[in-house]
Structure formats: structure tokens, C-alpha cells
Amino acid sequence: GHIVVLGHQKIAFITGPPTHVSSQKRQEVFIKALASHGLELPEKYLVEGAFTYESGPRTARQLLSEADRPTAVFAANDEMAFGVMNVADELGIEIPRDLSVVGFDGTPFSTFVIPSLSTIIRKTDQMAELGTKKLLALINEGPDAARAFETMVSPRFLPRESTGPAP
């Protein structure tokens, strides 16, 4: 919601590899979040990354060379977001004045880059607790009991310097 509240409507998303469950989940959640604000994700703003730094610059060049380029880019992990930030810098696109960038994972490096990266973090302690409960249910009661545990833990958005009002 943060990006939409800042007035962004042309929002792009860089996925992870389609074979990763976490990549599919992040894309699903992102599209639902946009829809809840009455926005759609145009096909040209959805590009496939690989959860690697190298796929960040590759996908960023594709997105930022669009005549109607996005004003905000969400990357499905922080590494790809760093690549987007570097390409924006190369192209003279100022973050956050011309482009807002958001990562996912909350890696320690997200505070070391300039500008610092806004990112989405998962609550790892909650995830560990759920995982433990799920494992105990599996051991004690079998697979059906284990499946009953919801495995998605609600993520938390950490706004930093890489996001700002839409240009």
C-alpha cells in the first residue's frame, strides 16, 4: 500500500524463477495488493528475474528503457533490487525522485546501499515457530495434521530512502 499511497500507478514487478514456490507466492501477493487498490500489473511491467544480482540489471534495462517506464519497481528479492538501483544510476534516473525501488528479504546490505533500500521482511521468528509446530504435528499426528498449519507469515514493509512520491 505504501507505494500506492505515494501516488505510484505505473508499478513493475521482477519475479524470481517461476519454479520457486516463494517466487510464485510473492508475485501472487503483489498482484492481489495492487488489485486491492484498483490497479493492474500490465504484462510489460512483469519481468522474470532469477533471484540473482545479475538478473537485476538485465531486467532493469528492459523495464527502464520502456518509453512509458514504471515509476516504481518491486523486486522479488533485495539482490535484484540492488541491480535495479545500479542501472538506474547508470541511466541518470534518480532514486527516489524519478524511480522508487523496493526489495524483499530485508538483507543486512539493504541498509548499506545509498540510498538505503526499502524492503519487505518476513518475521523469521514467527516462521521458525510455525515450522516447529508443523514438524511436531507431522511427527505426532501425521501429514494431515501438519498440513493444517498456515505456512505464510505476514511480511512487514520497512520504508527507507529508496521510495518516495511518484514523479
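Start at Phe51, in the loop between strand E2 (46-48) and helix H3. Helices (H or I, at least four residues) and strands (E, at least two) are DSSP runs, numbered from the N terminus. Phi of Phe51 is near 65 degrees, a positive value in a residue other than glycine.

Some ground rules. This is a predicted model, in which local features need pLDDT of at least 70 and side-chain atom pairs count only at pLDDT 80 or more, while totals for chains, interfaces and linings use all residues. Residues are numbered from 1 along each chain as its sequence is written, and side-chain values use heavy atoms, with hydrogens and water left out.

**Next: the cis prolines**

Select Ile95 and Pro96. The peptide bond between them is cis, with omega near 0 degrees. Pro96 sits in the loop between helix H4 (78-90) and strand E4 (100-104). Now go to Ile114 and Pro115, where the peptide bond is also cis, with omega near -5 degrees. Pro115 is in the loop between E4 and strand E5 (118-121).

**Next: the second largest pocket**

Keep Ile95, Ile114 and Pro115 selected; they are among the lining residues of the second largest pocket. A pocket is an open set of points on a 1 Å grid over the protein atoms alone, where a 1.4 Å probe fits, with protein on both sides within 12 Å along at least five of seven lines; lining residues have an atom within 4 Å of a point. The volume is about 180 Å³, counted as the space filled by probe spheres set on the points. The lining divides into eight nonpolar residues, one polar and two charged.

**Next: an aromatic pair**

Select Phe13 and Phe30. Their rings are stacked, 4.5 Å centre to centre with 20 degrees between the planes. Rings pair if their centres lie within 6.5 Å, and planes under 30 degrees apart count as stacked. Phe13 is in strand E1 (residues 11-15) and Phe30 in helix H2 (residues 21-36), so the pair ties together parts 17 residues apart in sequence. The structure holds three aromatic pairs.

Select Asp68 and Lys10. They form a salt bridge, with the closest N and O atoms 2.8 Å apart. The rule asks for a side-chain nitrogen of Lys or Arg within 4 Å of a carboxyl oxygen of Asp or Glu. Asp68 lies in the loop between helix H3 (55-64) and strand E3 (72-75), and Lys10 in the loop between helix H1 (2-5) and E1, so the pair ties together parts 58 residues apart in sequence. The count comes to seven salt bridges.

How values were computed
Ala, Val, Leu, Ile, Met, Phe, Trp, Tyr, Cys and Pro count as nonpolar, Asp, Glu, Lys and Arg as charged, and the others, Gly among them, as polar. Rings of Phe, Tyr and Trp (its six-membered ring) pair if their centres lie within 6.5 Å; planes under 30 degrees apart count as stacked, over 60 as edge-to-face and the rest as tilted.
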